[in-house]
Every structure is written in C-alpha cells, then in structure tokens.
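Here is a short tour of the model on display. Please keep the viewer open as you read.

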Amino acid sequence: MSDVKERRDRTNSGWMTRFWAVVKYELLWNIRKKKFLGMIVVAFALATLSLALPVILSNMIGQPLSQNPDYVVSAGAGIGGLGFFLFAIVTVMNSISGEFESGTVVPLLTKPVSRTMVFLGKVFAAFITLLSAYAVLFVYTAIGGSIVYGPQNNLHLVPLSLLGSTLSTLVWAAITLAIGSISKSSLIAALGTFGIFIALSISHPIVSIFSDQAWVLNYVPGSGVTGSIKDLAKSVSSGTDNLAANLINYVLHPSSEVTFYKIGALRPGSSSMIELYLEPLSLVLLRSIAVAATYILVFSFIAWYALKRAQVVE
Amino acid sequence: MELAIETSALTKRYGSLTAVNKLDLKVERNTIHGFLGPNGAGKTTTIKVLVGLLKPDEGTVRILGQEVRGDRPDVRLRVGYMPELPKFPKHLKGWELLDIYGRMYGMTVQERKEQIPKLLEVVGLKGRERDSVGNYSKGMQQRLGIAQALLNEPELVILDEPSLGLDPVGMVEVRELMKGIAKEGMTVFISSHLLFEVEQICSHVTIINRGVSLVSDTLQNVSHKLSGPATLQIEVAKISDAIVEAVKKLPFVSNVSQDGNTLTIELNTRDDVRPQVSQEITSSGGVIVSMSLRGQSLEEVFMQLVAKSSGWKAV
C-alpha cells in the first residue's frame, strides 16, 4: 500500500506535556464557569464594602477615620470560613462529577493520560485557580487598605496569608471532590459539603463554649476551638479555617501562648469563664496545618480511588 | 494474520443482565471492520471495554497486540475513539479542544499546527473553529468527534455510530473519509445501524445480538454463506438459445435457468455485473424489458440472523 503513512512514535513524549494539557483543560473550565466568576464578583464587592463602609460611616458621623497600619495583615482578603467553603464549592463541585454528568468524561478518559494524571491535573488546576483568585483579592485589599487606613505594616507577610487561605480552602475542596467523585453528582457534592459545613458551624461554638471536650474540635475541619493570647488581647481559633491568621500571628509573636476557655455558668446579665488549658501558639499552628494536610490527603485519596475505579456506563 | 483487536471470551454484566457474553472478536489490521447489531445487542458495551471505559467481568482484550488490563494510556496512545453522540466541554472552542487533546497525545506544537487545521478542513469545521463547542449543532459535534479521533493519526480508529446526527451530505463525506484513512494504513472498527453504510465501506463485518457474536467474516463471505448466491432476473423480448449460451459463458455466472421470457441468472460475485450482462444480451440480439438483482443485501442477512437468534419470525 503506497498510501500508508509512517507514524510518529510518541510513546516517550513528555509526562509534563500531558500533565499540563490536563491542567490547561481544567483551568479553562474553572475560569469560564459562571458560578466561579460570580463568586469572584461577590468577593470583590464584599472586599470593597468592607473598605468603603468605615469611610462612609466616619463621614456620616463627622469623625475622621483613624489610621490602622495592621489592617491588611489582620483582615487578609476578608475571606472567612464561609468564603473558603464557597470558593471550594464553586471551584471543584463539578471537577469530576460534572464530567460524568455531561458525558465529557468519555473523550477525556479515552485519551492517553492515566486517571491518576487526570486527577492530579484537576487538583493542581484547582490549587492554581484558588491561589490566583486569592492573590488578586489580596492585592486589591492591600491597595485599598493602604488608601483607606494609611501605610501598612508587614505587607511582606501577605503571601503567607495567601498560602494559608488557599490551604484552608483546599480542605473543603478535597471533601467536595471526594463526595462528587463517589456520587458522580455535582448537586450531591455541593449539598453534602454544605451539610458538613453547616453541621460543623453550628456544633463548633456550642461544643467550644459549653463543653470540657472542646479539644475534639482541633481535629475537625472548620473554625476549631476559640481561645485568646492574653498578653495581646487577641482572639485565636485553632481550626483549619484559621491557618492564615495563625501563620501571621506566629511569625509576629512566635512565643505566644493561647488560653482556651469555656463558659462556666450563664446567668442573666453575666457569665463566668473557666480556663480549660494553655497551649503554645506554635503547637496550635502546627496541629492545624497537620490536620488540614491530613484532611486534604485523605479526601483526595478517596476522590482519586473513586475515579480510578469508576466505570463509564452511560 | 496480524490483529488490531482480539477479544477472547469477553463477558460484561450489568447486574443480572449479561450485555456481552463470551465474545470472541478478531479484527484484522488494515481493514474496515463493521460491527453490527440491533439496539441493546452489546455493541457500545463491547467498544467501551475495548477503550478502557468499562472493565470486563471475564475474558481478555488485546489491542494492537497489547493486553488491555486496567488503565493503559500507552495503548490508548495508538487508538483513536469516537463515542456515540460525543459530548465535549462546552466552554472550549473547537480548536482549543483539539489543541488540548493533541497535547494529551504528546504532539509537539508544530505537529498540532499542521494537523489541527487539516482535520478541521477534512471534517468541514473550517471557519467554525473559534466558536465554543457549546454553540455547535449535533452534527458539528459529531464532526468534531471524528476530528479528535483522527488527531493522533492512530493505528486503530474505533467509531461508534459515526453517521448519527449527520445530514446526507455529511454521511457521504464520512464514508469517503473512512475509505481514505483505511488507505493510509489505519484499521477502522465501526459500529453502525446503517447497513447500507457498512455494506459500502467495510471489508469485514461482525454481527452480534444479545452480546453473542452471530457471524464474523469478510462481507462477501457473510453474504454468500447466509443468503446464498446473488441472482439476476431478466425479462428479455424475443429470447433465443444464443442469448442463453452467451450469458452462460460469462465468468461470474454459475447457473442460468429459463422460464418463458425470463432468465434467472445465479452469480458467484457480489460485484454489480448488470452492465456486462446487459451488454452480452444486447450484443446477442436480445432486448431487455426489465432486470432486477436479488439476494445479496446485507440487510437481508442481518435480519435473517438477528431474527433467528432473537426467536422472531423473519420478515
């Protein structure tokens, strides 16, 4: 057959080329999702509001706004536990399950990329997406904070805060991925993670304030146990949602100790606080990083295993 | 005989339903092999096992000489696959999708630059490559599906109902494309409901029903084995012995019988020989009133086999 073409052997073509192809595939999906773009708009609106509101109020009451050189470092990008949860949901709720729901998993899984590579590419793309979104928000807050509250201290710590916020979000992202990967339903992934978030958000303050067993909360995702650094009159939470704040606190006050309390008795008009235990801030920080890493790894493993074993019937 | 696809006792069950039952499938290299069966026969399930989307419950699968067990990207590197009614990410543009898939195949920038415009032209999507896939019609997605299956110039192309959703012009174009890629040395394994399509482009055919292979051979052998020799019925005005003798001497004629002015000619070929027969009769002084070719349709073979295996009354 004279027409027969000589084929190129691509058996040894780069692992990285294929991996980046998966990352690009996922990144383009992430940044073009309407819900993700909507979330960015909302986050910017809230950041703008938190910057503008004090200015508006101070103008209304006729008092000049006092300078706050620690605003940026203490506020971060203004993304709290709910923000981390929402960003996680909109970024990864259909990363795996959406592929199955839409049928796009068929052409994807029949390409010469292993399922492990597909999974790693998707997780890496989620990480890049979150990191980039947060970076833009942090820069915006840093510029806005400097304009509203004057020159800012410790701006070099902003990247640390950025990393902490991204890790906090990845905990919720890993949970969402695992539920989505097992159920193959974006709705179940979102609702399942939402259920966990709500259950923990309600139970955390109750257990933290009223129970002697508050230490348990150190090991579940969310806000953790609330305590304070007495000398600095600073509130500290030990959970995975507070990695950014704890990282900053530790760098600024490395030898601080955190005291944890519970409410002893509630009487009308007054309450008594009982000191439970004292821990070095370094331990609080290390433990929360370890707990976050464990959740990220365990739930990512579950998601990977479910994808690896999945059969595409439809 | 080098095989592109070889399954041995391949079995796939969904709960209590056996979708594919001990299927032994052999597809020779450099052929266009049609895979036929009624709805629910197990065609798509078989194909999904071949490309690694489903795991077989029993049996073995070898693609291009390599055993497919577990996740085998190295095997998929040599295979192009177009699913039935393919779905692609709607947020990507046509060229973006092909570019990303090209990277997944490990194609260089230069290779992608050469191959993607060529394929877009071949499948008729030139000028629409900058549109989002979400804005493509069903037929355009089908064309994109064909393009992505051929992107890597694979050794084996597996196409599940490639003409589904295409207009008549598109169907003809796809058939010509299949013939063209087979000439380039690719093996084409094509599942189709369209028997005339298979009849026109395939050299080999496998018919399955209820997960069981009913027949697998060259198209010619399948037709000959199952529907007997093809026959030509010709009504001739003023028939003579000279005409009958002249027809009998034709190399592709195995028997001729006469009933009044009608000749029944049994053929030993599947080629359309009506012009030669017509010429012979005319040159022998006969005038043809009517002519009909019977008994070599794949549809008849298909219906006969499927009806028998399903316990239906043959139509």
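Chain B is built from 11 helices and 14 strands, where helices (H or I, at least four residues) and strands (E, at least two) are DSSP runs numbered from the N terminus. This is a predicted model, in which local features need pLDDT of at least 70, side-chain atom pairs count only at pLDDT 80 or more, and totals for chains, interfaces and linings use all residues. Residues are numbered from 1 along each chain as its sequence is written, while chains are lettered from A and ligands numbered from 1 in the order in which they are written.

Some overall values for chain B:

| Property of chain B | Value |
|---|---|
| C-alpha box along the principal axes | roughly 70 × 50 × 35 Å |
| Buried share of the 315 residues | 43% |
| Share of contacts (residues at least 6 apart in sequence) that join residues at least 24 apart | 70% |

Buried means that 20 or more other C-beta atoms lie within 10 Å of a residue's own, and contact means C-beta atoms within 7 Å, with C-beta atoms placed from the backbone.

Now to where the chains meet. The contact takes 32 residues from chain B and 32 residues from chain A. On the chain B side, helices H2 (73-76) and H3 (94-104) each supply at least two residues, and H3(B) gives the largest share, 5 residues.

Over in chain A, helix H8 (residues 158-183) has 26 residues, of which 22 are buried. After H8(A) comes A:Lys184, with a positive phi near 55°.

Terms used:
Two residues are in contact if their C-beta atoms, placed from the backbone, lie within 7 Å. A residue is buried if 20 or more other C-beta atoms lie within 10 Å of its own, exposed if 12 or fewer, and partly exposed in between; C-beta atoms are placed from the backbone.
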